[in-house]
Amino acid sequence: MVRMNDCEYNQSSLIQLSPFIHQVGGHSSMFQYDKNTICKLLAPAELDFYQSMPDSLKKFTPEFRGIVTVQYCEDESGYIKLIARPQTTSLENESVSNEQDISLTNDQQSSDNTLRKSVQLRCSKDGSIDYSNSLGVDIVNYEQGKTTMSTINPWSLQLCKKQAEKLHRQFIGDENGTVSQKYILLENVTARFHNPCILDLKMGRRQYADMDSDKKRQSKMRKCELSTSSKLGVRLCGMQVYQLDSNRYKFTDKYRGRMLTIDEFRSSLVQYFDNGRTQRFDIISDIIERLESLYTIINSLVKYRFYSGSLLIVYDGSLHSKLTDVRMIDFAHTIYDTATTTTTTTNDDLSNIHPGPDKGYLLGLESLIGYFHEILNNNEKNTTRIKTEN
């Protein structure tokens, strides 16, 4: 095992990463770099996109903040650490750009930090990796495709454990005892929220890239056909909703999302605004406005395809907060008209094969906007009816 001093862990210039506890979807684990920044495994195509995206999209994507090398370490007691070298410039951004922004109190920051740091992985002498504390129970009790109540999203814990197991295998097989990976640094979109309620949506009717193998293409096509993606251009990939009474989150994973019918998908959108005590329909208008703005931008990008991309919708579970956000994420399979694209498709070929804007993504936005309007209108009708009856 590598000792902490071999990783230079005690040097103040290095940062120990912690699990990103608000990851509700995806297939690879993300980690928290600092309060406002997360680390995501570097994919060359996604890096290219972040470095060359049109300015019009920047307000709808996490801010790109550079690249770091992350080293895997195990100390003599088996505790696993991921160590990253920080950027030379500060990534902290304490400015408040939105009048609705609510600064985290010291107590709330302390609670979140304590929760993250309590998620510790440990490698046993037999090589098995598991959580060294009671939070591991959330994984033991977690059943894919079923709604779960927990303090920390079990999906994020499961991905973190899988990543550690993969790195451990590489570590054992490395003669030099050093395993490292490149990560991109991205804005932590959830950092502004006290209790982030997150909806992760897979967008578009097509999720495979032009260069995917036939096997992968068939697999992704089958997932679309068997889910709401084929009809609506969108499916649920993950969701967490803060419950006021229990001070816990209600979680739904991508496996449940794939099974939803169109009516069940609409019901899930309604559930997204239900905190166990009331329904937060008061924030829907702001979300609709942002989705409509994004629709206009996507419609203007005639040579972009956001295949396998996702959309995050976030609001604050704190009862008196109206803070919301909408962001596009996951660009590893995005293709676009630029010389830096990592696919072999030429610009001319792109224009011929994919004329006009990304219609699948636009269909997904239309479906969401339509359902949110419907939810809002039904709520207003019910409110009017109740007032009339009284």
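Q: Are phenylalanine 49 and tyrosine 50 buried or exposed?
A: Both phenylalanine 49 and tyrosine 50 are buried, where buried means under 20% relative accessible area, exposed over 50% and partly exposed in between, with a 1.4 Å probe and protein chains only. The model is a predicted one, in which local features need pLDDT of at least 70 and side-chain atom pairs count only at pLDDT 80 or more, while totals for chains, interfaces and linings use all residues. Residues are numbered from 1 along each chain as its sequence is written, and side-chain values use heavy atoms, leaving out hydrogens and water.

Q: Why does the pair of tyrosine 50 and phenylalanine 331 tie together parts that are apart in sequence?
A: Tyrosine 50 belongs to helix H1 (residues 44-52), whereas phenylalanine 331 sits in the loop between strand E16 (324-329) and strand E17 (334-336), so the pair links parts 281 residues apart in sequence. Helices (H or I, at least four residues) and strands (E, at least two) are DSSP runs, numbered from the N terminus. This pair is edge-to-face as well, at 5.5 Å centre to centre and 90° between the planes, and both of its residues are buried.

Q: Why is cysteine 39 called buried?
A: Cysteine 39 has a relative accessible area of 0%, which is under the limit for buried, so the term applies. Cysteine 224, with 3%, is buried too.

Q: How many disulfides does a search of the whole structure find?
A: The search finds zero disulfides, a disulfide being a pair of cysteine sulfur atoms within 2.5 Å.

Q: Why does the largest nonpolar core lie between domain 1 and domain 2?
A: A nonpolar core is a set of buried Ala, Val, Leu, Ile, Met, Phe, Trp, Tyr and Cys residues joined through side-chain atoms within 4.5 Å, and the largest one here has 58 residues, with Leu57, Phe306, Leu311, Leu368 and Phe372 having the most contacts inside it. Domain 1 (15-88 + 119-187) and domain 2 (196-389), whose bounds come from an automatic or database domain assignment, both contribute residues, so the core lies between them.

Note on methods
Rings of Phe, Tyr and Trp (its six-membered ring) pair if their centres lie within 6.5 Å; planes under 30 degrees apart count as stacked, over 60 as edge-to-face and the rest as tilted.
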